[in-house]
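Biologist: Please walk me through this model, feature by feature. I would like the general idea and then the case at hand.

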Amino acid sequence: MGKISLIIQREYITRVRKPAFIIMTILGPLLFGAITVLPILLAQVSDEVRTIAVSDPSMLYYSALKEKETDKIKFVHIEPSGINSALQNFETNNFYAVLDIPITTQGDFNQVKNYTRLISSKSIGLGVRSYIENVLTEEIRSRELETSGIDKKLVDKTLQRVNIKSVEIDDTGKQKEKSAELNMAIGILLGVLIYFFIFMYGNMIMRGVMEEKTSRIVEVIVSSVKPFQLMLGKIIGVGLVGLTQFVLWVVLSATIATAAQTMVGTDKYDSQNVAKEISSQQPTDPMQKDNADVSLERGQALNAIMELPFGKIVFSFIVYFILGYLLYGAMFAAIGGAVDNETDSQQFILPITLPMIFGFVMMQFVLNNPDGPVAFWLSIIPLTSPIIMMVRMPFDPPMWQIALSMVSLAVTFVFVTWLAGRIYRTGILMYGKKTSWRELGKWLFYKG
Amino acid sequence: MNLLEATNITKRYHNHTALNNVSIAVPTGTVYGLLGPNGAGKTSLIRIINQITGPDSGEVKFNGVHLSPKHVELIGYMPEERGLYRKMAVGEQALYLARLKGLSRQEAQKRLKYWFEKMEIMPWWKKKVEELSKGMAQKVQFVITVLHEPPLLIFDEPFSGFDPVNAELVKNEILELKKKGSTIIFSTHRMESVEEMCDHIALINKSEKILDGQVKEIRHRFKNNLYEVDFEGNWISFSNALWAGYELVSKHEEDGINRAQVRLLGANTPNDLLNAVLPVCKVHGFKELIPTVNEIFISLVTGQPIGGIPTENQA
């Protein structure tokens with residue numbers, strides 16, 4: 001055991017000290033931070049007031065637009081004859097765009113619907129255009145209603161939105177609120193995390209084994225320790241490197257995110273406000289949820305989060321994370337031992353990673369029916385179970401399925417590691433020979 | 001007393017037999033040469049002794065005890081395919097490998113300091129291996145092999161890849177280690193240094209041991225009544241003098257001195273040979289030709305008889 005810990009130490013320390021590791025560890029959260037902070041900053045940048053010159057010779061719509069002015073979008077009326085000069089002097093007039101509404105009459109909406117133009121020297125943001133479109137559409141709608149003698153308020157009343165709460169009753173009769181979207185998001189996040197972790201660090205194991213082989217140090221080492229110990233030490237060492245990076249990422253990301261929020265100012269620009277602002281760009285859409293709706297949904301989401309089987313999720317994440325990594329890590333180690341160079345490794349990598357890629361692709365399918373037979377089998381079969389079971393986890397699959405999946409994963413891990421060890425110990429001492437699958441098969445039966 | 005005994009070792013791979021019923025016994029405190037052409041099975045045997053692989057049948061005993069994992073600390077091994085972690089600092093790496101052999105950190109550090117100074121590689125302690133010259137890296141490998149002062153040292157083709165200066169250095173170190181009481185197994189397909197260094201040899205060819213024993217004893221076992229005569233005189237009369245009971249194997253002339261290799265046939269003795277040729281020529285030199293290990297090796301591997309080889313190549 002002492003020797004394995006020496007190997008783990010070396011694998012861990014040499015990797016953690018590498019500049020690439022340090023850079024990635026710092027850069028990762030910065031990137032993550034950038035992704036979270038950027039929308040907030042962008043929202044700030046777009047804070048500039050956009051003045052739109054409106055040419056509305058019939059003066060039928062300008063007042064409606066003016067009424068719906070926001071902090072960010074202002075409207076100024078110009079004469080149709082002023083369009084050209086406005087177009088030529090965007091900068092000096094400080095106009096963002098010119099809205100050209102054709103001459104029309106009170107009852108005729110076709111002109112407005114089909115011939116209104118928004119002209120600008122730069123490309124116009126989708127938000128601005130759809131905002132104007134919405135204002136005009138709403139205006140036309142109310143006028144149509146008015147002309148037909150229908151009370152607009154009545155119509156608005158008919159446009160109700162039903163908000164269904166999904167509640168699950170468990171065996172004890174206890175009720176739980178559920179949010180399918182949230183479950184999906186969490187499921188995908190967990191599945192993707194495991195997928196990338198296994199791929200990144202599996203590859204790292206393989207390259208490490210190949211390095212030992214090509215530098216010819218491996219025979220010196222296996223005269224001191226058993227090849228199996230060397231392999232296990234490497235897998236564990238690299239796994240710890242991955243965990244370290246993972247933990248540092250989480251910690252640093254959280255720190256950066258908090259720091260960024262305090263810096264930018266929490267009240268006005270937290271993500272909820274951003275969401276509100278984005279949604280407030282279409283205030284006239286009757287289908288739009290009003291604030292009450294939003295907060296209602298948020299409350300539900302919160303409830304749903306509270307109702308998630310957190311303990312179970314965290315526990316099983318750790319189990320699948322570790323077992324899945326070990327299972328694939330052993331296979332990657334065997335490949336590294338079997339080949340002489342990176343090019344030759346390709347033919348072996350694809351077949352062993354295929355199940356994982358398959359699991360990754362099937363994630364969406366499983367989410368649509370998290371308790372269906374496909375989801376069940378993929379979460380029991382050990383090669384896909386680390387990803388698929390994690391995807392299912394927020395949907396609270398039955399305990400016996402989780403247990404079955406974990407046990408079969410653990411058993412497979414032991415078996416595969418044993419097989420991988422046999423390939424590994426033969427492979428690392430074979431130089432300059434191109435390895436085939438048949439060859440690997442034979443190696444399994446060599447006597448230690 | 002034998003430090004290491006391997007008995008009836010057989011090792012098969014899928015389509016060939018690497019070792020077929022091979023036994024060797026390495027006496028304590030000697031240098032044991034494992035000779036054989038490339039692919040004969042030397043490395044397979046060495047890997048079995050190092051417990052890197054296991055035999056299909058047969059047994060290895062270390063100091064009379066069945067070989068087990070605890071013995072790895074008693075063996076130092078420098079493989080033929082040897083290298084170091086290229087990206088790791090020399091000192092740190094040496095420390096790691098020494099600790100894998102069971103040395104404590106302090107002890108390893110102390111001994112490494114001694115050896116690095118002895119080998120004049122101390123200034124490279126903090127350098128990465130990839131910055132080292134090949135000769136330098138080889139010195140490091142040698143130090144790592146002997147550092148834990150194991151009673152048994154195994155060198156697989158120790159001189160392959162070494163430049164002549166380093167090869168000499170390593171050779172002297174090996175002999176010094178022997179003086180200090182270490183037992184050394186070394187395998188090679190090059191015979192130059194075998195007689196100089198080895199006390200015992202085993203010759204392995206095509207997975208089988210075809211010969212073993214003390215170097216001196218083997219050489220005498222393979223002598224076959226071949227004598228070399230340097231003389232001044234006439235070749236024809238010299239040949240005529242050997243009309244019966246002798247075989248003139250080869251003749252050669254240099255600087256007016258003739259050199260003949262003559263095999264004694266029947267019951268003839270060296271004295272008879274001298275008596276036969278003395279009347280016809282002036283004898284300058286006379287000696288028995290004892291075959292070199294190289295000659296025995298080639299003769300056994302190729303099946304050609306010993307002798308008829310130009311004398312320049314002989315010791």
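**Reading the two chains**

Modeller: Start where the chains meet: 22 residues of chain B are in contact with 19 residues of chain A. Contact means that the C-beta atoms of two residues, placed from the backbone, lie within 7 Å. This is a predicted model: local features need pLDDT of at least 70, side-chain atom pairs count only at pLDDT 80 or more, and totals for chains, interfaces and linings use all residues. Residues are numbered from 1 along each chain as its sequence is written, while chains are lettered from A and ligands numbered from 1 in the order in which they are written.

Biologist: Which helix gives the most to the side of chain B that touches chain A?

Modeller: Helix α2 (residues 90-100) of chain B, with 4 residues. Helices are DSSP runs of H or I with at least four residues, strands are E runs of at least two, and both are numbered from the N terminus. The side of chain B that touches chain A divides into 11 nonpolar, 5 polar and 6 charged residues. Here Ala, Val, Leu, Ile, Met, Phe, Trp, Tyr, Cys and Pro count as nonpolar, Asp, Glu, Lys and Arg as charged, and the others, Gly among them, as polar.

Biologist: How many helices and strands are there in chain B?

Modeller: Chain B has 10 helices and 14 strands. Its C-alpha trace spans about 75 × 45 × 35 Å along the principal axes. The domain assignment gives domain 1 (2-220) and domain 2 (224-289). Such bounds come from an automatic or database domain assignment. The centres of the two domains, taken over C-alpha atoms, are 45 Å apart.

Biologist: What percentage of chain B counts as buried?

Modeller: Of its 315 residues, 37% are buried. Buried means 20 or more other C-beta atoms within 10 Å of the residue's own; exposed means 12 or fewer, partly exposed lies in between, and C-beta atoms are placed from the backbone. Now look at contacts between residues at least 6 apart in sequence: in chain B, 69% of them join residues at least 24 apart.

Biologist: How do I read a sheet?

Modeller: Strands of a sheet pair through backbone hydrogen bonds, either parallel or antiparallel. Pairing here requires that DSSP finds at least two bridges between two strands. One open sheet of chain B has 4 strands in the order β2-β1-β4-β5, with antiparallel pairing. The edge strands are β2 and β5 (65-66), each pairing on one side only. Helix α1 (residues 42-49) of chain B packs on this sheet and touches β1, β2 and β4. The direction of α1(B) makes about 120 degrees with that of β1(B). Such angles run from 0 to 180 degrees between N-to-C directions, and axes are lines fitted to C-alpha atoms, for helices over the stretch in contact.

Biologist: How many bridges join β1(B) to β2(B)?

Modeller: Strand β1 (residues 2-12) and strand β2 (residues 17-27) of chain B are joined by 7 bridges. The two form a hairpin with 4 residues between them. B:Arg12 has B:Thr17 in β2(B) as its bridge partner. β1(B) also runs antiparallel to strand β4 (residues 57-62) of chain B, over 5 bridges. There, B:Leu4 is partnered by B:Phe62. B:Phe62 in turn has B:Val65 in β5(B) as a bridge partner.

Biologist: What is the strand order in the open sheet of 6 strands?

Modeller: The order is β6-β7-β8-β3-β9-β10 of chain B, with mixed pairing. Its edge strands are β6 (75-78) and β10 (208-214). The twist averages 15 degrees from one strand to the next. Strand β7 (residues 152-156) and strand β8 (residues 183-188) of chain B pair in the parallel sense over 5 bridges. B:Phe155 stands opposite B:Phe186 in β8(B).

Biologist: And two helices against each other?

Modeller: Two packed helices are described by the angle between their axes and the distance between the axes. In chain A, helix α17 (residues 373-380) and helix α19 (residues 399-427) pack at about 35 degrees, with axes 8 Å apart. A:Phe376, A:Ser379 and A:Ile380 of α17(A) meet A:Gln401, A:Leu404, A:Ser405 and A:Ser408 of α19(A). That makes 3 nonpolar, 4 polar and no charged residues.

Biologist: Which residues of α17(A) are buried?

Modeller: A:Ala375, A:Phe376, A:Leu378 and A:Ser379 are buried. The buried residues of α17(A) pack against α16 (342-368), α18 (385-392) and α19 of chain A.
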